[in-house]
Amino acid sequence: MVKICCIGAGYVGGPTMAVIALKCPSIEVAVVDISAPRIAAWNSDQLPIYEPGLDEIVKQCRGKNLFFSTAVEKHVSEADIIFVSVNTPTKTQGLGAGKAADLTYWESAARMIADVSKSNKIVVEKSTVPVKTAEAIEKILTHNSKGIKYQILSNPEFLAEGTAIEDLFSPDRVLIGGRETPDGQKATQALKEVYAHWVPEDRIITTNLWSAELSKLAANAFLAQRISSVNAMSALCEATGANISEVAHAVGKDTRIGPKFLNASVGFGGSCFQKDILNLVYICECNGLTEVANYWKQVIKVNDYQKNRFVNRVVSSMFNTVSGKKIAILGFAFKKDTGDTRETPAIDVCKGLLGDKAQLSIYDLQVTEDQIRRDLSMKKFDWDHPIHLQPMSPAAVKEVSVVWDAYEATKGAHGICILTEWDEFKTLDYKKIFDNMQKPAFLFDGRNVVDVEKLREIGFIVYSIGKPLDAWLKDMPAMA
């Protein structure tokens, strides 16, 4: 029986290993983590992450060929294939701070593998890591090898949150990068055979190590770039009276461009886009490629610009002050169907409004109050470091209340900001909401989910990203 062990029970490790266990009943899969509360959650009825379809799979396999454990060393020493999916946060201090990936957790995992291994291992990089990480890991393992052979593979994940299980069931591609040596090829083949249980052969791509590592960063950079491109156009649309939905539809009809990822919004979020681009920028700079680095930096700059622009629209529309005004924030997760708030644009928008002394009432279908308060009190890259290094009791921001109902959030509010495209927000009774708000009642749609004309008929003053401006807003400067 092949034994697989995955170090790191997070958004990547948990779902990926659950699907491998489901699709390969002959393989024993152990997911290990040093965090006891996290492993306890994986072993309970309340999993630590929300992902449609994940619950059923875990319940079906847990205890049969899928195990969650804190006995890290035991499972690592027994495994044939070890996946490493630990955090690779952006460094907050030292060389490359704010750009480079922090490989502390990766390195300690590698040293632990070298310490406890008694048989040959295939070590698979699953976390998003900077190019050439494999080489560093290989050095640590071979210098501590005690005669044991290690093969390093790169197998980046391409999961999108909210559809992770679908993405794992029928991936666009599975990418495996390995050394071009006989042993390297053998290791690649071994991992390929695991995926071949359910993924068609032609979708499993094998490359050299560096190509696999760079493909992941490149894919995320290209996706984020599309969002920044359409968001940059949205600003121009507002200035000229064009409609971004019409422009994006026309552009997306070109088969070379395609329609996906062309929705204008308040900005992209998620744990990877910004981190991976910063990483790409750093690698380019380290290799003396300044122009390339500057090109990719611009993608993040436009994203930051879009969030600032949104906050400025809100404040300038409301007589240039939101001080003491109740503003309802609908949606806090970085996109619908996930409880994940990592790098969500809502954080910067809320902080911007709080900076102008607004009173916020926040409602999200999945995100807990504790998480929202923690996010609003954290420094920029802190979220990606272990929980015990994050600020303990979030300084209770008095100006923020978190509620469990959209009508409660909007009651008595001066304005509403929609920051996540939850389906529920399309079907709310906006007439009822309008009647319970202060007048003039403003609605700022950061995800283009509402029917602008209908809301204007009800009486709202509506701002929708990239859409022709309400007469009210035309006289207000967009960037204060």
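Helices (H or I, at least four residues) and strands (E, at least two) are DSSP runs, numbered from the N terminus. With that in hand, welcome to a short tour in close-up views. The structure is a predicted model, in which local features need pLDDT of at least 70 and side-chain atom pairs count only at pLDDT 80 or more, while totals for chains, interfaces and linings use all residues. Residues are numbered from 1 along each chain as its sequence is written, and side-chain values use heavy atoms, leaving out hydrogens and water.

**View 1. Asn 448 sits in the loop between strand E13 and helix H17 (452-458).** Look at the backbone here: Asn 448 has a positive phi of about 50°, although this residue is not a glycine.

View 2. The bond in question runs from Lys 439 to Pro 440, and its omega is near -10°. You will find Pro 440 in the loop between helix H16 (430-435) and strand E13 (442-445).

**View 3. Asn 320 has a positive phi, near 60°, in a residue other than glycine.** Its loop connects helix H12 (290-317) with strand E9 (326-330). Is Asn 320 buried or exposed? Buried means under 20% relative accessible area, exposed means over 50%, and partly exposed lies in between (1.4 Å probe, protein chains only). Asn 320 has 52% relative accessibility, so this residue counts as exposed.

**View 4. Ser 271 and Cys 272 are shown in the loop between H10 and H11.** The UniProt annotation "active site", from an unreviewed entry, covers Cys 272. UniProt positions are given in the numbering used here, feature names are shortened, and annotations may be inferred rather than shown by experiment. The loop lies between helix H10 (244-252) and helix H11 (273-286). Cys 272 counts as buried because its relative accessibility is 16%. Ser 271 is buried as well, with a relative accessible area of 11%. Which distance separates the C-alpha atoms of Ser 271 and Thr 341? They are 8.4 Å apart, although 70 residues separate the two along the chain.

**View 5. Trp 106 is a buried residue of helix H5 (residues 104-116).** Its relative accessible area is 1%. Contact means heavy atoms within 4.5 Å. Not counting residues up to four places away in sequence, Trp 106 touches Val 84, Val 86, Thr 88, Glu 125, Ser 127, Val 129 and Ile 137. For another distance, take Asp 370: its C-alpha atom is 28 Å from that of Trp 106, and the two residues are 264 apart along the chain.

**View 6. Helix H6 (residues 133-143) meets helix H9 (residues 209-240).** The two axes come within 9 Å and cross at roughly 130°. Axes are lines fitted to C-alpha atoms, for helices over the stretch in contact, and angles run from 0 to 180 degrees between N-to-C directions. H6 is therefore oblique to H9; angles under 35 degrees count as roughly parallel, over 145 as roughly antiparallel, 65 to 115 as roughly perpendicular and the rest as oblique. Thr 133, Ala 134 and Glu 135 of H6 make the contact with Leu 209, Trp 210 and Glu 213 of H9.

**View 7. The chain is assigned domain 1 (2-199) and domain 2 (230-475).** These bounds come from an automatic or database domain assignment. Taken over C-alpha atoms, the domain centres are 33 Å apart. Where the two domains are in contact, domain 1 contributes 22 residues and domain 2 contributes 23 residues.
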